[in-house]
Amino acid sequence: MPTHNRLAAYDVMRIVAIVAVLLNHLPAYHIYHDGQGAAAVCGLVLSVGIRIGVPLFAMVSGALLLGRNESYHDLWRKRIVRMLLVIVIFEALLYVEFHFTRGTALSFAEFLRGMLAGTLPGTTSYWFLYAYLGFLIMLPFLRRVAQAMTRADFLWLLGVHVVLTTGPIVAEFVSACCGWPELKLSSALAVSLSSVTLYFYPLIGYWVDRNIDVQRLTRRQWRLIAFVTLLGIALSGAMTGYYIHRFGGSTQSYLGLTVYLTAIAIFLAVKRLFDTDFAQRRPRLNRALCLVGSLVFGVYLMDQHLKLVLYEPLQQVLTSSLQPPKTPSTSPEGGVISAAAPITSYLLPLTSSLVWCAVTFTLCGAVTWLLKRLPVFRKLL
């Protein structure tokens, strides 16, 4: 993909988003389950922050696609067919890989049914492809909505999301903690533009991108954005931590409570840092970031394929090298016990997850770069 005269901001957002998506499927995401004290707090902050992956991807898609106008024919030929081919090709490859690495049976009928239902082994993370396909199918209508949005429309959409999406989650938390009967909204009350991720976030991304001039935001406004974002992260983490402390087990219900605040804040901050002046001041770095950003989709598609052959061996190596020796200590009764340092509860999963991100980004990125040199894969990836 050409990187000349291209601003890096959207590609940096893609890079941040894919790292968040990768971490979301790695042990680092679950540190808060087993950590204690500061480790648990840091794990909660990390897990809450990681939830921005898909929303940020969706905001970038909205910013780049909702302002365009193209015929239904072009939409079908350039976008929908491409996504259909991606789903078929990469799920077929994964289905065959599972046969050779896990010994699963091969059946065209089972593959077809599993692909249509999105239930093939190892394809859990591919749910986004189906959601994105739905976004593309509705793209002509979302464009009309986005291009007509006013400031009042934006605030209304955001407010509806807070009331009908965030509100019920808070109500569920309060009901559980107070021992009240669970409060639920009728499933018939469906407001798709505010509740469906691949409708809501593209519309938000488009409006924010077109209507907020990040260069004109004052320091006071930036401080307010930072404060509200950190407050949202703290609220999500506190609710998750309290629920686990009170009821035991684990929960992910509250980690994404205010993810829209974090996603909007990062979207604005990245646009501010990687603006036109950055491209002029650091042209080489700008092009490098654009190049890396152009590989993100391929990294997402190939990560699960690489995990099948490399993830477990790498984890075994990291576990053996990072596992601290057991140190003898004396029990209150005078006996000698062996206790592993608490480092394993958070450092091992964090380190192994970061190492995997680096490995998969390097290897899958390199393969993507090579495949994009081929005409067949250039438009797919």
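Modeller: Happy to. Keep in mind that this is a predicted model. Let's begin with Met138, which has a relative accessibility of 31% and so counts as partly exposed.

Biologist: Where does Met138 lie?

Modeller: Met138 is in the loop between α7 and α8 (139-148).

Biologist: And which residues make the nonpolar surface patch?

Modeller: Tyr72, Ile137, Met138 and Phe141 make that patch, and its area is about 400 Å².

Biologist: Okay, switching to rings. How many aromatic pairs does the structure hold?

Modeller: There are 16 aromatic pairs. One of them is Phe57 with Phe128, a tilted pair with 6.1 Å from centre to centre and 40° between the planes.

Biologist: Which parts does that pair tie together?

Modeller: Phe57 belongs to helix α4 (residues 53-65) and Phe128 to helix α7 (residues 127-137), so the pair ties together parts that are 71 residues apart in sequence.

Biologist: Are Phe57 and Phe128 buried or exposed?

Modeller: Both Phe57 and Phe128 are buried. They also belong to a cluster linked by ring pairs, together with Tyr126, Trp127, Tyr132, Phe135, Phe297 and Tyr300.

Biologist: Nice. Now Tyr311 and Trp356: why is that pair edge-to-face?

Modeller: The planes of Tyr311 and Trp356 are at 85°, and over 60 degrees counts as edge-to-face. Their ring centres are 5.2 Å apart.

Biologist: Where do the two partners, Tyr311 and Trp356, sit in the chain?

Modeller: Tyr311 is in helix α16 (residues 296-322) and Trp356 in helix α17 (residues 347-371).

Biologist: What about the relative accessible area of Tyr311?

Modeller: For Tyr311 the value is 18%, so this residue is buried. Trp356 is buried as well, at 0%.

Biologist: Which residue lies over the face of Tyr311?

Modeller: That is Lys307, at 5.9 Å from the ring centre. Elsewhere, Arg373 has its charged end over the ring of Trp369, 4.8 Å from the centre.

Biologist: One more change of topic. Where is Thr240 found?

Modeller: Thr240 is part of helix α12 (residues 219-247). Its relative accessibility is 0%, so Thr240 counts as buried.

Biologist: Which residues does Thr240 touch, not counting those up to four places away in sequence?

Modeller: Thr240 touches Tyr32, Leu44, Thr251, Tyr254 and Leu255, with that sequence neighbourhood left out.

Biologist: Great, thanks for the tour!

Definitions and conventions:
Residues are numbered from 1 along each chain as its sequence is written. This is a predicted model: local features need pLDDT of at least 70, side-chain atom pairs count only at pLDDT 80 or more; totals for chains, interfaces and linings use all residues. Side-chain values use heavy atoms; hydrogens and water are left out. Rings of Phe, Tyr and Trp (its six-membered ring) pair if their centres lie within 6.5 Å; planes under 30 degrees apart count as stacked, over 60 as edge-to-face and the rest as tilted. Helices (H or I, at least four residues) and strands (E, at least two) are DSSP runs, numbered from the N terminus. Buried means under 20% relative accessible area, exposed over 50%, partly exposed in between (1.4 Å probe, protein chains only). A charge sits over a ring if NZ of Lys or CZ of Arg is within 6 Å of the ring centre and within 35 degrees of the ring normal. Patches are made of residues with over 30% relative accessible area and no salt bridge: like charges are joined within 9 Å, nonpolar side chains (Val, Leu, Ile, Met, Phe, Trp, Tyr) within 5 Å. Accessible areas come from the Shrake-Rupley method with a 1.4 Å probe; for residues, only the protein chains shown count as cover. A salt bridge is a side-chain nitrogen of Lys or Arg within 4 Å of a carboxyl oxygen of Asp or Glu. Contact means heavy atoms within 4.5 Å.
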